[in-house]
Amino acid sequence: MELKKLMVLTAAFSMAASITACSSNNNGNNGKNASATTAPADNATATNAANSGNASAAGDIKPEEGASLLVWESKEERPFAEEMAKQFTAKYNVPVKIEEVAPPDQVGKLTQDGPSGLAADVVLIPHDNLGKAVSASLLLPNDIFAEQTKANNTEASIVGSSYDGELYGYPRAAETYALYYNKSLVKEAPKTFDDVITFGKTFTDKAKNKYGIMWEVGNMYFGYPFIATTGGYLFGKDGTDKDDIGLNNEGAIEGLKTYAKLKEILPIKSGDINADIKRSLFSSGDVAMDMTGPWELAAYKQALGDNLGVTPVPTIDGKTAITFSGIKIFGVNAYTQYPNAAKLYAEFASSKESQLELNKLVGSIPTNNEALKDPQITGDPYISVFAEQAKNSQPMPSIPAMGNVWSPVNAALPEIWDNNADPKAAMDKAVQQIKDLNNGATAK
């Protein structure tokens, strides 16, 4: 997939969950202390000199003598981490300790604990946190395994694992959204948004609180297909040029015309839609279709049983829909005393076999190309759809300017939806606000 104009995803993206923090004075420092901690630049130099970063080095790399590792993981995915730790220790004779830290909190904790030697050797972060971590020199590049990481994983996941042209992350899972539908109401999965509108005209009845489709129409995360599918984008140069904004170009405005047309079958204000309301209405059969992510799968399977269907986001103007996606990536702490062991673990726990194990335990979407073709994925009628949609998704750029996008666009979309504002005028205003923030105030 060509990612000419890249970007995406969100803070709204429910990439994780609980916050079971490690205390800053924990004993998981693997015997490290501040005086023994190697400066990150020295670590990187020593590792590169020892391993050259080439394919032969990848085959020759061995853990340091006496190495032990601390790995930060999310609470929900701890069973996976425990299994990986067990297998890794059996293979390399390196003890691995797991501590729970919510992925969105890990870069902040690494900033505090990294220099003192108290942080994890291997961290797990949402890809949009990568730029912040790299800018602060907190992560070592994925150098030794770069070649095979790039060959083995989807292009979108490699882009999400890279910053300023260099690969840092070890991708292990992707997340995006698709279209859930109630098979007892929608007899055939819609292929186009014209199909959605045609069905909605026969089903929507505002007086009875029944709607053909519902999604969070004021949230850019879910609205992105109506911008990107027809040629819009956030930032140019693969999401790195904050001065090249494509949210109001001709393609974006064309897609937003389809967005505006959908109000005919969802005639309610954007502020009257949230995840809880939508979930309740879809589960009760009062909403026939819901555009959302795999985090709703378990609840929807329980509510609808065999009547639950999932299909890719419908096409827009004949073009395959492009959605936002998020990538979960491993990173290696630049202050680790055991860079070889840490890199081996990050590679080991993001392999094809490991990604399939993660899918089995928590229903994640692999980024590994072979895992995506495995019967475990292709044979799952739900996960296979999200995996297919992930191939037609774009990860959010990790440049700091991304933080300036959400408020202006999340104000523009309700203007179009609620007040029938001209899409071009609304997006022109949003783009100017983003430029002003980029060139002056910092997004809060």
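This is a predicted model: local features need pLDDT of at least 70, side-chain atom pairs count only at pLDDT 80 or more; totals for chains, interfaces and linings use all residues.
**Ground rules.** I number residues from 1 along each chain as its sequence is written. Local features need pLDDT of at least 70 and side-chain atom pairs count only at pLDDT 80 or more, while totals for chains, interfaces and linings use all residues; side-chain values use heavy atoms, without hydrogens and water.

**The sheet.** I looked up an open sheet of three strands, ordered S11-S8-S12 with antiparallel pairing. Helices (H or I, at least four residues) and strands (E, at least two) are DSSP runs, numbered from the N terminus. Two strands pair if DSSP finds at least two bridges between them. S11 (289–292) and S12 (308–311) are the edge strands; each has a single partner strand, so one side of each lacks a neighbour in the sheet. Neighbouring strands are turned by 25° against each other on average, direction ignored.

I then checked S8 (residues 178–182), which four bridges join to the antiparallel S12. Tyr181 is opposite Gly309 in S12.

**The rings.** I found 21 aromatic pairs in the structure. Rings of Phe, Tyr and Trp (its six-membered ring) pair if their centres lie within 6.5 Å; planes under 30 degrees apart are stacked, over 60 edge-to-face, and the rest tilted. Phe88 and Phe348 pair edge-to-face, at 5.6 Å centre to centre with 65° between the planes. Phe88 belongs to helix H3 (residues 78–92) and Phe348 to helix H15 (residues 339–348), so this pair ties together parts 260 residues apart in sequence.

I also noted a cluster linked by ring pairs: Tyr177, Tyr221, Phe222, Tyr224, Phe324 and Trp406.

Terms used
Axes are lines fitted to C-alpha atoms, for helices over the stretch in contact, and angles run from 0 to 180 degrees between N-to-C directions.
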